[in-house]
Amino acid sequence: MDKNSFDAALRPGVRAALAPSNSALRRAEDETFRRLLDEDGQFLPGASFARDCPYCHTASATASLVLQAYGMHLMRCADCGLVYSREVINRAFEQQRYQASQAADANMALKIDPHYAALEQDKARYVMARLGSLAGTGSVLDIGSSTGALLQAAEAAGWTARGVEINPAAVAHCRQQQLQAVCGEYPCALSADWGPFDAVLMLDVLEHLPDPLAFLARVSADMQPGGWLVIQVPNFRSLLLTIEGGRNNNICHGHWSYFEEQTLPGLMRKAGFEMRFFETYISELDRILAYPDEVIATAWQQLTGQVLEQPRQLTVEHVHQAMLGYKLFGIFQKVAA
Ligand SMILES: [Zn+2]
């Protein structure tokens, strides 16, 4: 069980192999984002609405601006500290955006690339091993099951696995592998006889939700008492994102909350889940080391308060020890309200 096995920075050749798929995805996303913006880079009238903190509802007028990108103002809540986009795309625009965009196809092309799929499969095995060490086996629901890497790893580890996924091509891919997945949005698409589940997986889901607490309440209702919830979200406090700011590919429409080591456990506690395991994985060390020494050292000092003497000597272990990896990974347990 080694998280470095799926760290692209440590797998020579993977970046070059994925570069064409990745840049096609970035171009498609960029094009999709721009369709909703005017010449000044602000949202077109009616495309978005402004909101307060989605976690504690403190007014966005009292929050501090962290950065601006693609018409979004990322604010840090004055009360709970969560970083969130003040603007959220209206639901009608959001659906239109998914249907009309090339981004979903480009994302699918990346997912089925053998190099990418190999990393995803290794990560899925790691995630299920971590979960298994706490939870044993049982029934598991993967929300956003994509092309089925987690469903496959779960079945292989002895779980009964089911998935729900919005992309029809990804669902077809699952079914070709005899994996159980339904097409649609959670929770509407679930079969009535599914659940309650012993575990729920939400990898790269929470950041997309305009109202994460309402969604987590529904998830909790679909879980057994003492059930396990596995969360992966982009780490807003990662070293690479701190270096890149608004240019980082995690800053995008669709990511409405930006979690950090300091804010995710509190949000989960408010939703009735206690943290049982928490770390960062995926270092992006190669992308970090592509920046000049002084840029890396400045970001490191900003995040840790420590002086980084030799940026070239930075290792993936240093990055994760400081919780500065690219993804936050947590396993939480449902507790009595
Ligand atoms: Zn707040």
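## Packing of H1 and H3

The crossing of H1 and H3 is left-handed, a label for a near helix turned anticlockwise from the far one by less than a right angle, with right-handed used if clockwise. This is a predicted model, in which local features need pLDDT of at least 70 and side-chain atom pairs count only at pLDDT 80 or more, while totals for chains, interfaces and linings use all residues. Residues are numbered from 1 along each chain as its sequence is written, and side-chain values use heavy atoms, with hydrogens and water left out.

Helix H1 (residues 14-34) and helix H3 (residues 103-112) cross at roughly 165°, and their axes come within 8 Å. H1 is therefore roughly antiparallel to H3 (angles under 35 degrees count as roughly parallel, over 145 as roughly antiparallel, 65 to 115 as roughly perpendicular and the rest as oblique). Axes are lines fitted to C-alpha atoms, for helices over the stretch in contact, and angles run from 0 to 180 degrees between N-to-C directions. Helices (H or I, at least four residues) and strands (E, at least two) are DSSP runs, numbered from the N terminus.

On the H1 side, Leu18, Ser21, Asn22, Ala24, Leu25, Ala28, Glu29 and Thr32 meet Ala103, Ala106, Asn107 and Leu110 of H3, contact meaning heavy atoms within 4.5 Å.

## Packing of H4 and H5

Helix H4 (residues 114-135) packs against helix H5 (residues 149-156) at an angle of about 45°, the axes being 8 Å apart. H4 is thus oblique to H5, and H4 passes H5 in a right-handed crossing. Glu120, Gln121, Ala124, Arg125, Val127 and Met128 of H4 make the contact with Ala149, Leu150, Ala153 and Ala154 of H5.

## Zinc site

The zinc ion has as protein donors Cys53 (SG), Cys56 (SG), Cys77 (SG) and Cys80 (SG), lying 2.3 Å from it. Donors are N, O and S atoms within 2.8 Å of the metal (3.2 Å for Na, K and Ca); water is not among the atoms, so sites may look incomplete. The site is tetrahedral, with angles of 99 to 118° among its 4 donor atoms (four donors count as tetrahedral if all angles lie between 85 and 135 degrees).

Along the chain, the donors follow the spacing C-x2-C-x20-C-x2-C. Cys56 lies in the loop between strand E1 (48-50) and strand E2 (64-69) and Cys77 in the loop between strand E3 (72-76) and strand E4 (83-85), so the pair ties together parts that are 21 residues apart in sequence.

## Backbone features

Cis peptide bonds, with omega about 0°, join Tyr186 to Pro187 and Gly195 to Pro196. Pro187 is in the loop between strand E8 (180-183) and strand E9 (197-203).

Methods
Tetrahedral: all angles 85-135°; square planar, octahedral: opposite > 155°, others 65-115°.
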